[in-house]
Amino acid sequence: WFNPVALVLGIGLLLTHSLFSHANAARDLMASVGADWLHLSATALWVGGLMQFANVIGPVRKTFTPAAPVLSRLVGYFTNFARVSVAALIVTGVYAAWLQVGSVEGLLTTPYGQALVIKILLIIPVIGMAAVNLFFTHRGLAAGSETWSKRLRGLVGAEIALLVGVLATVGVMTSIAPARITLDLRASAPKPAEPAPITETLSVNDLTRTLTSAPGWVGENPFTLTGTDSSGAPGANASLI
């Protein structure tokens, strides 16, 4: 009875996370939270399953001689289990990316989108190694090759290491604003005002000097200095400015 109860409690824990995630701020609340919960559940089942699979490889090799046929059956079972999890991850992940990113600009120019790119780049080799286990490891073990039983643990360990990196990027994504929000803030931000010419006037005795610097931005600016006397005529014989 313990395993079903633990499964239900785990699913409930993931649901509470989804209810307070970015998905809770989306327009279609029911679909977004449901997809996020399914995405988290598939991740937990896949990553947790991989860790448990890595745990049993050593004991199986010690207990069974030869171990390849037993490991072959385990690889077959786990492949079917993982195939469903990965399919759910892809579907819900694409939906979440459209929901929270929505454009190439959001993917490439926002921190959230860039973290998503890193996540995808880490997942690609994981799926590649899973394919190796499906098409090569499984067949090698079925043929009785103990060499593949040694390689299996390394492949599963590499998958777990990459998935830990994926989880780290997910942690970053949950702590920053989604790309759509970032793009909306950029669009609504007031544009910087055009620089205005800077003008200063100084009067000393009967002489007035006016300094104008245009366009008045940070950096090099041409300036103009004019001078007049008390009658408004241009000042003459200016020896020191």
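Reader: Which residues of α1 and α2 meet in this predicted model?

Author: On the α1 side they are Ile 11, Leu 14, Leu 15, His 17, Ser 18 and Leu 19, and on the α2 side Val 33, Asp 36, Trp 37, Leu 40, Ser 41 and Ala 44. By class, this contact of α1 with α2 divides into eight nonpolar, three polar and one charged residues.

Reader: Which hand does the crossing of α1 and α2 have?

Author: The crossing of α1 and α2 is right-handed.

Reader: Why is α3 called roughly antiparallel to α5?

Author: The axes of α3 and α5 cross at roughly 155 degrees, coming within 10 Å. An angle over 145 degrees counts as roughly antiparallel, so α3 is roughly antiparallel to α5. The crossing of α3 and α5 is left-handed.

Reader: Which residues make the contact of α3 with α5, and how do they divide by class?

Author: Helix α3 contributes Ala 68, Pro 69, Leu 71, Ser 72, Val 75, Gly 76, Thr 79, Arg 83, Ala 97 and Gln 100. Helix α5 contributes Tyr 112, Leu 116, Asn 133, Leu 134, His 138, Leu 141 and Ala 142. The contact of α3 with α5 has 10 nonpolar, six polar and one charged residues.

Reader: Why does Ser 85 count as buried?

Author: Ser 85 is found in helix α3. Its relative accessibility is 6%, and buried means under 20%; Ser 85 therefore counts as buried. Leaving aside neighbours within four places in sequence, Ser 85 is in contact with Ala 42, Leu 45 and Trp 46.

Reader: What makes Thr 110 count as buried, and where does it lie?

Author: Thr 110 lies in the loop between α4 (104-109) and α5. The relative accessibility of Thr 110 is 0%, which is set against a cut-off of under 20%, so Thr 110 counts as buried. Not counting residues up to four places away in sequence, Thr 110 touches Glu 105, Ala 179, Thr 182, Leu 183 and Arg 186. The C-alpha atoms of Thr 110 and Ile 90 are separated by 22 Å, with the two residues 20 apart along the chain.

Reader: How does the reach of α6 stand against the span expected for its 29 residues?

Author: Helix α6 (residues 146-174) reaches 43 Å from its first C-alpha to its last. At 1.5 Å a residue, 42 Å is expected, and the reach is close to that value.

Reader: Which residues of α6 are buried, and what do they pack against?

Author: The buried residues of α6 include Trp 148, Leu 152, Leu 155, Val 156, Glu 159, Ile 160, Leu 163, Val 166 and Met 173. The buried residues of α6 pack against α2 (29-63), α3 (68-100) and α5 (111-142).

Technical notes: Residues are numbered from 1 along each chain as its sequence is written. This is a predicted model: local features need pLDDT of at least 70, side-chain atom pairs count only at pLDDT 80 or more; totals for chains, interfaces and linings use all residues. Side-chain values use heavy atoms; hydrogens and water are left out. Helices (H or I, at least four residues) and strands (E, at least two) are DSSP runs, numbered from the N terminus. The expected span of a helix is 1.5 Å times one less than its number of residues. Buried means under 20% relative accessible area, exposed over 50%, partly exposed in between (1.4 Å probe, protein chains only). Contact means heavy atoms within 4.5 Å. Axes are lines fitted to C-alpha atoms, for helices over the stretch in contact, and angles run from 0 to 180 degrees between N-to-C directions. Angles under 35 degrees count as roughly parallel, over 145 as roughly antiparallel, 65 to 115 as roughly perpendicular and the rest as oblique. A crossing is left-handed if the near helix is turned anticlockwise from the far one by less than a right angle, and right-handed if clockwise. Ala, Val, Leu, Ile, Met, Phe, Trp, Tyr, Cys and Pro count as nonpolar, Asp, Glu, Lys and Arg as charged, and the others, Gly among them, as polar.
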